[in-house]
Amino acid sequence: MDKETIITKVNAFLVDEFEIEEAVLSEDALLKKDLGIDSLDIVDVIVLIDKEFGIKVKTEELGRLKTLGDLYSFIEGRLAA
């Protein structure tokens with residue numbers, strides 16, 4: 001799966017599930033500060049990543065990610081592994 005497809009899928013679930021404005025979704029957007037994704041939301045993100053990409057993720061793995069670009073790269077790396 002290419003990075004553009006990953007970005008499209010991630011952005012779609014952030015808009016649909018978290019009601020985040022698509023205009024703020026950029027690779028340098030901070031997950032907590034800019035997107036308002038808190039520790040409780042991380043659990044939802046983990047479930048969505050598993051559902052969309054078939055990737056099992058630990059909470060602490062996602063907790064280390066700071067930006068939306070980090071999240072895209074994390075998923076891309078796990079899919080390539």
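Before we start clicking, one term: a salt bridge is a side-chain nitrogen of Lys or Arg within 4 Å of a carboxyl oxygen of Asp or Glu. The idea behind it is that side chains of opposite charge can pair when their charged atoms come close. What you have on screen is a predicted model, and it holds 4 salt bridges. We'll visit some of them.

**Stop one: Glu61 and Arg78.** Select both and show their side chains. They meet in a salt bridge, with 3.3 Å from N to O. Now colour the helices: Glu61 lies in helix H3 (residues 59-63) and Arg78 in helix H4 (residues 68-80), so this pair ties together parts that are 17 residues apart in sequence. Arg78 counts as partly exposed, at 31% relative accessibility.

**Stop two: Glu52 and Lys9.** Select these next. Their side chains also form a salt bridge, at 4.0 Å from N to O. Glu52 sits in helix H2 (residues 39-53) and Lys9 in helix H1 (residues 3-18), so the pair links parts that are 43 residues apart in sequence.

**Stop three: Lys56 and Asp50.** Select this pair to finish. Their closest N and O atoms are 3.0 Å apart, and they form a salt bridge. Which of the two counts as exposed, and which as partly exposed? Lys56 is the exposed one, at 60% relative accessibility, while Asp50 is partly exposed at 27%.

Notes: Residues are numbered from 1 along each chain as its sequence is written. This is a predicted model: local features need pLDDT of at least 70, side-chain atom pairs count only at pLDDT 80 or more; totals for chains, interfaces and linings use all residues. Side-chain values use heavy atoms; hydrogens and water are left out. Helices (H or I, at least four residues) and strands (E, at least two) are DSSP runs, numbered from the N terminus. Buried means under 20% relative accessible area, exposed over 50%, partly exposed in between (1.4 Å probe, protein chains only).
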